[in-house]
Amino acid sequence: MAATASARAVALQALLPLLLPPLLLLTAPTCNAQDSSPDAVNEVPVPYSEGGTQELHALLKGQALLPCDITPEEPGDSVFLVVWYKDDLTPIYSYDVRGKHSGSPSHWKNLDVVQQRAYFRTSTEPASLALSDVEERDSGHYRCRVDFKASPTRNTKVRLVVVVPPGKPTIVDSAGHRVEGSTRPYEEGQSLELTCLVHGGRPVPTLSWWRGSQLLESMDTTAELAPFGASGPRSRKLRIASLSRRHLHEALHCQAANNNQSRPVSTSVAVDMRLRPLSTSILPTDGAPLSAHKPVQLVCQSVGSRPPVKITWLKDGKRLDNANQVETNEGNVSTSTLTFVPLQRDNNKTLKCRAENGHVFNGTQEDVMKLNVFFPPTLRLELGKGINPNDIEEGDNVYFECHVNSNPPAYKVVWKHNGVPIQGNTRAGVILITQNLAYQRISRTQAGNYSCVASNVEGDGTSNLVALNVMYKPVCVEGQKRVYGVARQERAEVLCQVAAYPPAESFRWSFNNTAETQDVPPARYSTAPTHVPGRGSATHSGSTLSYTPATELDYGTVMCWATNRAGSQAEPCVFHIIAAGKPDTPFNCTLLNQTSSALGVECVAGFDGGQPQRFELEVYEAASHRLLANVSSDLAGFTVTGLAPGLVLRMLVFGTNSKGRSEPAKLEGFTLKSAEKQTEENLLSLLGPPELTLTPVLGGVLGVDKAALPLRDDADDLPPYSDKDDRNPDLIPCNKDSDYQLGTPGQKTLTPDNGVLGGHHGVVHATLRNGDVFSKQDNREAERERYIGRQFREVRCRCLCNIGALTLDPLELEPRFEGQS
């Protein structure tokens, strides 16, 4: 029975393709392609299990093309009906060309299964059912049954696998914190652990870690998350044992893939790191040392830190604030510029640049610079050790020490005594050894203020002053009045001054005449010591003796001695008491600064007769003997103004005191004429005979008339031409140190004596004859005026220098040079 039933089933299955077309024709649906009624195909589906099954993969939300071969086996045959089944039971789509649909095929869809997402395409080879917007429920077995008009029915099986891509990976760190964009900051040497988690996906996705195109070694940790097989995300861990600087900003990608139709889904993170500085250094300057009190900019640079370092400057551990920091190269390079004003005390100190990244372990670096500060010498002068400055006497040995602090070392040390440089003289006992000064057997003249001056490339430095006080016995002060003229019964105040250190404490006086020497009894004089500061350590002490001669025997010599702590004065101060008399005549009187309205007179004072004296000048007009001026002065020098021009003058100079007036010193002169502002040619035209007279003195010596010819410096009376005009015949080129004299060609030059030359007034007195040579004798500066006259008719030669000997030839009316070089 069983064998019979099986045979029948096989026979029925073989006949079924032949029976279905007529049945379908009888039961062909009349609804349109949009009919979603399950009764649209009134056919009982028959499971079909023969033939092979084609597997097809389609992406979720993608499109699936289910192939169906509709090509008839027999020529001339055509498709009659195509029906699609899902899982061999449910019809989901039909393509019908029977009956009235032969011209326009009918498409029917099972809306409960495929909605509007399916469409059967016959234009492709093979024909296919296009299923769009694929859903997960679309997975399953599909069968396409094709009925032909004549050919046997054909079935095509397709297994559709809907591929569900995995979800976007999620990355977490070792602490389980989700990582997005970049990791938390890591330090060099730390390990990095990242876990990639992926949910969903069918088939099961495969996870992998990548660095660019490089596949990284990682470990599947899915079992760790679902140890008992429970469904859960897929996971894969990446571990980098030791991070280095190269990992900064490195992008790590986790990929999940489960098909070859779509791109793998991935998530990327960048590695964030905090880095220690690679190097920190104070950039070298130009190699020059620093100079005290001169600002300089110092630069410290730190490279490689992340985040940027904080740079601080320290001098011997003390922070300096005058710095400015900038970041470059995206913060990789930090530069701090310090404006630094070094001081002398900074020499040999350390300047430190500290770069600190407080976010990392051991993130501080330093660079140290030893300061080399140049500064001028600073000096400290002191007496040698063991020398008591309050107990130095003449004859002692003394030395000084000059302590010099300078950078660079001083190349020169100069010693000064009262501001005057000291020269070493071993024979005189003055020994200089750079920073030491020694005196052997010191004398009182070497007392005073001492200093030392040292020099280096930065400048000069001067030490403190050290006062050297040398104790010595009193000595007489030079230059004090030694002769006192006094009448009988007239009191004289005789001042005795001595220099001593320490100051004189007491004085004694004695009197000496031709008959005897005796101490002056205190009843005859009174003494009052006075102290006047002297040079160096010397102090001038004085005692005044009130002395009144009564008889001839009271005239003579008085002497005083002073005593101080060093002892008594060895040589007394000697003063002469004489009977008072008139002053001596002043001498060496000369004229100066003569103009058309003024002149000056200077003389040397004669002996004052033992009394204070004054001086008087009387000026007379030579022709009328009329007194023009009477001037007095405490000194033997006068200036007379308000004189008329062109006057010939006679002058008398007297010395006067309480006893009377001296004999006069006589001299002659004149004031300049206003009309003398003429050129030399006009003046030369006034010449008479060739013999000319210049002075009353030399004129007398030479046997000619007298005329006083002064040097004239009045700028208002100069000729109106330029002193530098070489084309002007009145000018001779200048030589300040030239000497002009008077002489006759071929004969010895005549030189005026001092009494006539007038000292520094530069008055030249001589006689000029035809052919005589005129040359300048004094050393006055350029631009001198010379007057040569005869019978009050004057010739002026304006001499600016001595290039040769100047010859004045009245016949040629122009100057001529001889021996010009």
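Let's start with R154, which sits in strand β9, residues 154-163. Strands here are DSSP runs of E, at least two residues long, and helices are runs of H or I, at least four residues, all numbered from the N terminus. This is a predicted model, where local features need pLDDT of at least 70, side-chain atom pairs count only at pLDDT 80 or more, and totals for chains, interfaces and linings use all residues. Residues are numbered from 1 along each chain as its sequence is written, and side-chain values use heavy atoms, with hydrogens and water left out.

Is R154 buried or exposed? Buried, because its relative accessible area is 16%. The cut-offs: buried is under 20% relative accessible area, exposed is over 50%, partly exposed is in between, with a 1.4 Å probe and protein chains only.

What does R154 touch? Leaving aside neighbours within four places in sequence, the contacts include D69, I70, T71, P72 and E73. C144, R145, V146 and F148 are also among them. Contact means heavy atoms within 4.5 Å. Look at T71 in particular. Its backbone oxygen lies 2.6 Å from a polar atom of the R154 side chain.

Next, the loops. Which residue joins P126 through a cis peptide bond? E125, with omega about -5°. P126 is in the loop between β6 (118-121) and β7 (127-131). Another cis bond links R306 and P307, with omega about -5°. Find P307 in the loop between β23 (296-303) and β24 (310-315).

Now positive phi. K61 is not a glycine, yet its phi is near 75°. K61 belongs to the loop between β1 (53-59) and β2 (64-68). K61 counts as exposed because its relative accessibility is 60%. D88 is not a glycine either, and its phi is about 70°. Look for D88 in the loop between β3 (79-86) and β4 (90-96).

Last, a sheet. Strands of a sheet pair through backbone hydrogen bonds, either parallel or antiparallel. Here four strands form an open sheet, in the order β25-β24-β28-β29, with antiparallel pairing. Two strands pair if DSSP finds at least two bridges between them. Which strands are at the edges? β25 (318-320) and β29 (364-370), each pairing on one side only. Neighbouring strands of this sheet are turned by 30° against each other on average, direction ignored. Axes are lines fitted to C-alpha atoms, for helices over the stretch in contact, and angles run from 0 to 180 degrees between N-to-C directions.

Zoom in on β28, residues 350-356. This strand pairs with β29 in the antiparallel sense over seven bridges. T350 stands opposite K370 in β29.

Notes
Polar contact = N/O pair within 3.5 Å; in protein donor to acceptor, adjacent residues only side chain to side chain.
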